[in-house]
Amino acid sequence: MSVIVADKVVKQYANAERPAVDGISFTAEEGELIVLLGPSGCGKTTLLKMVNRLYEPTSGQIFVDGTEIHDIPATELRRRIGYVIQATGLFPHMTIAENIATVPKLLKWERSRWSPRVDELLTLMHLPTEYRDRYPVQLSGGEQQRVGIARALAADPKILLMDEPFGAIDAITRAALQKELRDVQQRLKKTILFVTHDVEEALLLADRIMVLRAGRVEQFAPPLEIVLSPANDFVAQLIGADDLFRRLSLLRVDQVQGPYDGTTNGGPTLRPSDSLRHALSTMLSSDRQTLSVVDEQGQPIGVVSYDQLRTATQNA
Amino acid sequence: MDALRQMWRYVGDNQAFFVESLRIHLQLSGVALGIAILLCVPLGIWLARRLTLATPVINLVSALRVIPSLAILFLAIPYLGLNRTAAFVALTLLALPPVLINSYAAFRGVPAAVKEAARGMGMNTWQLLWQIELPLALPVVMTGIRTAAVEVISSAALATFIGAGGLGDFIARGFRLSSTPIMLVGAIPIALLALSSELLLGGLQRRLSAHLVR
Amino acid sequence: MKKLIPLLLLTAMLTLLAACGNAETGDGEKGTLTIGSKNFAEQFILGEMYAQLLEANGYTVERQLGLGSTDILQTALVEGEIDIYPEYTSTGLLTVLKEEAVSSDRDAIYQQVKDGYAERFQITWLDPAPFNNTQALAVTRETSEARGLTTISQLAVQSADLRIGAAPEFFEREDGLPGLRALYGEMPFADEKQLDSGAIRYEALLNGDIDVVTAYGTDGQIGGYDLVVLEDDKALWPPYQVAPILLQSTLDDHADIAEILNPIAPLLDDRTMAELNWQVDGENIEPDEVARTFLIEKGLLESE
């Protein structure tokens, strides 16, 4: 069963000429990370906030876990859905532990239940458990956002809504957080709706990308497909798909790699998360046409060939 | 020093009257401040959510500030008579602007992201108000209450002019009799009351905001 | 009080300018005199009368009217900040000299206070007016008739049912409530309201916020509001006749002051003074105008 189902959702603001969200339907499967991508004003944030009813749809239906979102109280709905926003939105007068325990407390968990959960989440987000009793202002921006994610995960929701969560964070920290989010997601199998206007972030994180313009879906497809066959000029331009070098840097090894064929050539190896640009430069510098892809333990799991790279850049 | 000794003797000779005046003074200031808080904190919260209304209302209440308290006292007489009610009204009017303006600013100042996060977590309106907005707004609200408290305590001395009693009686009496000691019987306790309210509320405010400001 | 000082200075300066520019009424060669007064209508009117007569007779006059209580004026007079102000015989006797009256006869009291001032302060009293602006207690005619209340002795019996409103000093002074109680008995009131302003005291009485009010014999409101003055049947309050008082040295330097001011005195009886007061308190006519009209009417001042 799909975890999120949206059916012809429309949001018309009172004074706006056209709907902010104009009849969008989509489904999100369990464990899927869907990125809502588009320029500002495209409706991506509005669509996101309708899922937890921070905005009410003008028409259409949204089902979360099989329940139409208006069939339960908004507060109950929201407590079932993790929510992360750009400016962290941490409560400055509460300790880190109190912040993380917000939803568990709203759900009336006993302290004996939420307190260990706080430590668990701090560890999950690579934060020292000593941070429990600190206040948000004592943490760096990146640490605060980790707490923001931990807080969203606290009551173990099936769904996470993330509204440009890394938008205000410096590039290095952002890269680390993106990686952690992927790790966490792979481990916890959450269904995530993730809003961003950052194409690279979208390509890096998404299982599927929904490209939005003026309240409508321009394309809804996996990153590779978006890059290789953009549905129209708007998508192509947004992604920067015409620039070969950029396409290589946007695509990941695991998006093109072939199955492991049992041979190793002893040359340099690639990781699944490396970009094709990195793969190309490695091929050129090592003068090889084929490179092995290895996992974290160094075990070979696939191969990438020059031909595959060429196909990836030309198949537009 | 002689004046202080005479003052002390006067207090001793008029103990019952002094205690009664002190009680009235505290009652006048306390009730006025209490009414102002009960009216203006909720009004400030309400206005912080209705920005179009806020400016005219705030301006109107601020305009009260330019009317001298003594004038408010005298203006109230034809409507309320010469009794404590007129004094309560005048002192409450005096306390309204600082409490309202600070409450409004305080609740306006709660970051939108924090409120959105709280709602997104599934807090209802009351939980948002009590757990998030109120604690974050409290230090600024307290500043307004502090200002109002000092103003009200010192202005309650004027209540004597409409026969509402209080420590101002001694000041008027001392003035009429050219007796510094009697004047001090009113002036010193008023100064001490204002000072201690400032210290008390200031301490409370610091404790409340200890978490928020670093 | 602070706000009053610049106002007073301004008034004084304007008066000075007017006096300087007016060659007919004198060029100030006779010198400058400063007139003071307490801050109620009668005192403003008397102060204006003195000032206008002196100006008409060639003096330059500075007005320091409405300065405040007896003590302030006494100090100002002794220290030379003012030269003349209107004072009441028994106030001088009881409040300033702090002497007991040798008799209840008004002439005897006048003589006693005049001698006392001459001896103690080298201050002299000019002729007293016949009116007696004594302290008094007043009630509305309604209260008086309903309760059969016409004397202070009767009040002493009924006081527990009644609320009194009085000036601040009334609660402290020997010629106020303490003296009244010493003479008439404990006299507990249902409520004792301290009210600083005379206007408000009368308003409180008319509004029914108080039942008994402190008053003065020549208060305009007594006639204006048809109040009943309770008879001081045990004679606590001595006569309060007004006279201009000044340092003997000032009179020595300007002997004609007495000739200029003394003619006012016989014109002012209780009724006349109360009427003049009512013009100010009840009809809101400025004291200087009330004084001028009266003086012109009585032929002491030429009409302009």
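Guide: Contact here means heavy atoms within 4.5 Å. Please keep in mind that this is a predicted model.

Visitor: Happy to. How many residues of domain 1 of chain C are in contact with domain 2 of chain C?

Guide: The domain assignment gives chain C a domain 1 (4-132 + 240-297) and a domain 2 (135-229). Their centres, taken over C-alpha atoms, are separated by 28 Å. Domain 2 of chain C brings 10 residues to the contact, and the number from domain 1 of chain C is 12.

Visitor: Which element gives the most to the side of domain 1 of chain C that touches domain 2 of chain C?

Guide: Across this interface the rule finds zero salt bridges, while three residue pairs are in polar contact (both at pLDDT 80 or more). At least two residues each come from α4 (89-96) and α13 (270-281) of chain C. With six residues, the element that gives the most is α13(C).

Visitor: Let's turn to the neighbouring chain. What area is buried between chain C and chain B?

Guide: Each chain puts 18 residues into the contact. Carbon and sulfur atoms give 53% of the buried area, and the total is about 1,700 Å².

Visitor: Which three residues supply more of the area that chain C buries against chain B than any other three?

Guide: The area buried between chain C and chain B is about 1,700 Å². Of the part that chain C buries, 35% comes from three residues: Glu172(C), Gln194(C) and Asp196(C).

Visitor: Which residue of chain B meets Asp196(C) in a salt bridge?

Guide: The rule finds two salt bridges across the interface of chain C and chain B. In one of them, at 3.0 Å from N to O, the side chain of Asp196(C) meets that of Arg176(B).

Visitor: And how far apart are the nearest C-alpha atoms of chain A and chain C?

Guide: Two pairs of chains touch, and the most contacts are between chains A and B. Chain A and chain C do not touch, and their nearest C-alpha atoms are apart by 48 Å.

Visitor: One last stop, please: why does Gln52(C) count as buried or exposed?

Guide: Gln52(C) is placed in helix α2 (residues 41-56) of chain C. Leaving aside neighbours within four places in sequence, its contacts include Arg63(C), Ala291(C) and Leu301(C). The cut-off for buried is under 20% relative accessible area. Gln52(C) has 5%, so it counts as buried.

Visitor: Which residue's backbone oxygen does the side chain of Gln52(C) reach?

Guide: Among the residues in contact with Gln52(C) are Asp288(C), Arg292(C) and Leu295(C). The backbone oxygen that the Gln52(C) side chain reaches, at 3.0 Å, belongs to Asp288(C).

How values were computed
Residues are numbered from 1 along each chain as its sequence is written. Chains are lettered from A and ligands numbered from 1 in the order in which they are written. This is a predicted model: local features need pLDDT of at least 70, side-chain atom pairs count only at pLDDT 80 or more; totals for chains, interfaces and linings use all residues. Side-chain values use heavy atoms; hydrogens and water are left out. Helices (H or I, at least four residues) and strands (E, at least two) are DSSP runs, numbered from the N terminus. Buried means under 20% relative accessible area, exposed over 50%, partly exposed in between (1.4 Å probe, protein chains only). A polar contact is a pair of N or O atoms within 3.5 Å; within protein, one must be able to donate a hydrogen and the other to accept it, and residues adjacent in sequence count only if both atoms are side-chain atoms. Buried area is the accessible area (1.4 Å probe) that two parts lose on being put together, summed over both. A salt bridge is a side-chain nitrogen of Lys or Arg within 4 Å of a carboxyl oxygen of Asp or Glu. Domain bounds come from an automatic or database domain assignment.
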